[in-house]
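Visitor: I would like to learn how to read strands, helices and their contacts in a model. Where do we start?

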Amino acid sequence: MKKIVLTGGGTAGHVTPNIALIPRLKEMGYDINYIGSYDGIEKKLITAEGIPYYGISSGKLRRYFDLKNFTDPFRVLKGMGEAKKLMKELQPDVVFSKGGFVSVPVVRAAAALHIPVIIHESDMTPGLANKLSMSSAAKICCNFPETVASLPADKAVLSGSPIRAELANGSRENGLAFTGLSGNKPVLLMIGGSLGATPINTCLREILPTLLPDFDIVHLCGKGKLDESLTETSGYCQYEYIREELPDLFAMADIVLSRAGANAICELLALNKPNLLVPLSAAASRGDQILNAASFEKQGYSLVLKEEDMTGATLEAAIRELYARRDEYRQKMAETTQEDAVTLITNLIDSLTEEKAK
């Protein structure tokens with residue numbers, strides 16, 4: 001049996017593309033194992049898929065001063081030793097890494113044992129973990145045409161992001177039944193990512209009185225970010241996090257308000273959903289979401305509102321503009337020529353497996 005180790009963690013965005021690959025990898029006859037951190041979000045998500053999970057020590061790689069910078073390198077070294085031991089036990093033919101800090105010791109251990117590695121970079125510019133892994137990779141997959149030029153020519157593959165097939169199989173009727181909405185008004189779906197997006201949450205709730213006469217709103221606000229005072233508000237549904245019902249919520253959404261995480265916007269593109277992006281500000285990140293959003297805006301896939309420019313008034317104006325131009329955005333997204341990422345990446349995995357077997 002062909003064997004693969006998947007790795008990646010820290011946020012849901014470093015896990016869900018791996019999950020998207022699992023059904024086809026099973027069809028292709030792969031024995032699948034996952035290496036992540038001891039108790040990261042990846043453990044919960046992967047064990048729910050019935051995939052054997054192995055935790056290793058992991059340290060965060062920070063660009064800023066923190067006392068943990070003095071201890072985390074030892075955690076990384078410990079994780080590399082644990083990863084190397086696991087590789088010898090599992091004997092994978094190939095490793096696929098979605099990034100995040102836990103992936104670095106896994107990738108380095110695989111390279112030390114001459115196991116081919118494919119890494120996937122979702123954002124326009126590579127994160128620190130993937131930068132440290134690139135020299136060990138046989139191939140580097142990416143989402144954006146602009147990224148290819150900054151990667152080694154013999155390694156770069158413009159693949160797009162693997163999208164879970166079930167996201168395209170939702171039911172509008174099931175979504176309406178789940179939320180209790182009538183379906184008589186257009187539906188705005190707001191997605192802030194697995195951790196939520198407090199500034200957008202605040203602005204959206206501020207303008208509910210003027211939006212709700214014209215829109216029903218489904219608000220995925222993040223863990224611990226529910227506003228109990230709005231529980232009985234007609235036409236407004238809020239949830240901390242949705243998993244099983246997400247395809248149905250996408251199916252009934254007419255427009256989507258979202259952060260600009262790479263996996264999230266690639267899902268919106270695949271589902272042909274007109275979207276308004278509010279990227280995480282440069283003050284709160286390394287600026288990757290700003291670049292992601294700019295690329296999608298340039299290609300005509302998204303309307304963008306900078307967080308620094310966001311007020312209740314500007315957010316409402318942008319939502320109404322998006323809805324008015326929704327057909328224009330659908331048309332642009334329908335014209336994309338990017339290949340199916342799941343098929344492309346799993347074929348790439350298989351080719352490296354075959355090369356290793358020679």
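Guide: Two strands pair if DSSP finds at least two bridges between them. The model here is predicted. In this model, strand β5 (residues 117–121) and strand β6 (residues 139–142) pair in the parallel sense over four bridges. Ile 118 has Lys 139 of β6 as its bridge partner.

Visitor: Which residue of β5 is the bridge partner of Phe 96?

Guide: That partner is Ile 118. The pairing of β4 with β5 is parallel and has three bridges. Between these two strands the chain passes through helix α4 (residues 103–112), and the β-α-β crossover is right-handed. A right-handed β-α-β unit is also made by β5, helix α5 (residues 128–133) and β6.

Visitor: How should I read the side chains of a strand?

Guide: In a regular strand the side chains alternate between the two faces of the sheet. In β5, Val 117, Ile 119 and Glu 121 point one way, while Ile 118 and His 120 point the other way.

Visitor: How many of the residues of β5 are buried?

Guide: Five of the five are buried, so β5 is largely enclosed by the rest of the structure.

Visitor: How do I describe two packed helices?

Guide: Two packed helices are described by the angle between their axes and the distance between the axes. Take helix α8 (residues 198–206) and helix α13 (residues 312–324): their axes come within 9 Å and cross at roughly 80°. Angles of 65 to 115 degrees count as roughly perpendicular, and α8 and α13 are therefore roughly perpendicular to each other.

Visitor: Which residues make the contact?

Guide: From α8 they are Cys 203, Leu 204 and Glu 206, and from α13 they are Gly 312, Leu 315 and Ile 319. By class, the contact of α8 with α13 has four nonpolar residues, one polar and one charged.

Visitor: What do the buried residues of helix α1 pack against?

Guide: Their partners are β1 (2–7), β2 (30–37), α2 (41–47), β4 (94–97), α11 and α15 (341–357). The buried residues of α1 (residues 16–27) include Ile 19, Leu 21, Ile 22 and Leu 25, along with Thr 16 and Asn 18. Just after α1, Gly 29 has a positive phi of about 90°.

Visitor: Is Glu 267 buried or exposed?

Guide: Buried means under 20% relative accessible area. Glu 267, with a relative accessible area of 10%, is buried. This residue lies in helix α11 (residues 262–271). Leaving aside residues up to four places away in sequence, Glu 267 touches Ile 163, Arg 164, Leu 167 and Phe 250.

Note on methods
Residues numbered from 1 in each chain as written. Predicted model: local features only at pLDDT ≥ 70, side-chain atom pairs only at ≥ 80, totals over all residues. Heavy atoms only, no water. Buried < 20%, exposed > 50% of the residue type's maximum accessible area, 1.4 Å probe, protein only. Contact = heavy atoms within 4.5 Å. Right-handed = clockwise from strand over helix to strand, strands pointing away. Axes fitted to C-alpha atoms, helices over the stretch in contact; angles between N-to-C directions. Parallel < 35°, antiparallel > 145°, perpendicular 65-115°, else oblique. Nonpolar A, V, L, I, M, F, W, Y, C, P; charged D, E, K, R; others polar.
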